[in-house]
Amino acid sequence: MLSSLLLNFVLAISLHDEVVAATKCTLPATLDARGNVWRERALHPTSPYRLRVEQAVEAIDDEELRRRASQVSDFGTFMWITSPQDIRAIPVVADEVPCDEILGLVLDNLPYKGVQPNSPSHDYDPKTADDYSSLFIEPLATLIRAHPTVAFAVIIEPDAFPQYFNATTSSEPTQRDMNLIRSYSINIPVALNRLNLPNVIMYFDVGHSNSLDWARHRNETADAIIDAYNTAQKPAQLRGFATNVANWNSWDLNPGEFARSDDSRDIRPKNERDFQHILSSALKERGLPDSATHAIVDTSRNGVIGLRWSWDEWCNVAGAGLGARPSADMGGDVLDAFVWAKAPGESDGASTERGGDDIGCRAKTAVKPSPERGEWFQKFFEVLVRNARPEM
């Protein structure tokens with residue numbers, strides 16, 4: 001009898017072959033970063049994620065919940081690149097993308113990103129930059145060049161910029177801070193430069209509306225982004241920035257989640273909409289071309305607000321719900337699109353990590369027990385569908 005893993009592989013290949021036969025694109029994909037490409041191309045629903053959702057639906061007993069959950073596979077999600085193996089999985093999916101869709105990728109393996117403050121400190125290893133380039137950036141660029149008829153949207157390193165910026169402004173930087181500063185300064189410009197290809201649109205991840213202290217660092221933050229852009233030789237395919245990927249906030253809640261009254265003068269913007277307008281304006285004022293000051297926002301888990309006690313509670317939050325569906329019908333001058341960068345149903349992280357009950361995946365507000373980051377979490381998938389706003 002075939003193992004479940006082999007059976008899933010066979011089913012995925014079968015579904016992929018059906019999709020490719022129906023949608024194979026032969027025209028070159030040339031993306032103009034001066035305009036909103038999402039108005040012409042929808043985020044691609046990948047066959048591996050569709051299969052995973054279909055299997056999850058089969059495991060649901062409640063008929064109404066099953067009906068709602070079955071709709072999730074109709075919407076596109078991003079594929080995450082956290083290992084070289086993830087890059088090798090992209091071609092089979094790229095082959096199925098039709099001319100009017102775009103394949104979303106998240107590059108997420110910057111050396112020294114996410115190292116915990118209490119982790120052992122070591123001197124910076126120059127080999128990490130060579131590995132990042134040879135194992136991630138160059139293979140990804142080669143893959144994209146080999147698929148000139150496929151449109152790609154790439155989010156560059158979720159949560160890296162807030163960590164980097166906070167490290168550069170620390171009054172007493174640790175060895176961890178200095179390693180991250182050097183890694184970011186070297187590797188991010190390389191990624192922006194090498195992925196600056198005609199069939200790619202790029203978004204520079206900047207965290208979310210409560211990642212940075214805007215009262216003190218608004219202009220300095222914009223300058224740091226522009227420095228990376230200039231070091232990367234001003235990549236024409238950089239469309240702007242992505243928010244709400246590593247942690248999440250409401251798109252337009254007013255006042256903000258943790259405000260006691262109207263927090264319009266709060267140092268940290270009350271919602272992602274205000275945050276995007278503030279950052280976009282600062283970037284323009286500091287000299288970044290208008291074409292590179294637009295944004296996308298991840299709405300895959302921000303449908304319900306008021307569930308947490310602090311911003312540290314970001315992981316598999318109990319009561320969370322799917323937010324706005326992927327769409328480019330925004331009507332604004334900054335936001336390009338709502339997207340689902342985090343695939344609904346994939347765990348934010350394991351409940352055994354970070355060693356504390358107050359933060360992260362062991363927080364009191366987190367659904368537990370949870371599997372490792374990126375692994376399927378059936379219970380949390382059902383939570384997101386059940387609490388979707390608007391309802392599925």
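Begin by selecting strand β5 (residues 200–205), where 6 of its 6 residues are buried (buried means under 20% relative accessible area, exposed over 50%, partly exposed in between, with a 1.4 Å probe and protein chains only). Strands (E, at least two residues) and helices (H or I, at least four) are DSSP runs, numbered from the N terminus. The model is predicted, with local features requiring pLDDT of at least 70 and side-chain atom pairs pLDDT 80 or more, whereas totals for chains, interfaces and linings use all residues. Residues are numbered from 1 along each chain as its sequence is written, and side-chain values use heavy atoms, with hydrogens and water left out.

Next, display the side chains of β5. V200, M202 and F204 point one way, while I201, Y203 and D205 point the other way; all are buried.

Strand β4 (residues 152–156) pairs with β5 in the parallel sense over 5 bridges; here M202 is the bridge partner of V154. Strand β6 (residues 238–243) also pairs with β5 in the parallel sense, over 4 bridges, and G240 of β6 is the bridge partner of Y203.

N219 is partly exposed, with a relative accessible area of 30%. Its C-alpha atom is separated by 8.8 Å from that of E285, 66 residues apart along the chain.

Finally, select E64 in helix α3 (residues 63–69). E64 is partly exposed, at a relative accessible area of 35%. Between E64 and R386 the C-alpha to C-alpha distance is 9.4 Å, although they are 322 residues apart in sequence.

Key. Two strands pair if DSSP finds at least two bridges between them.
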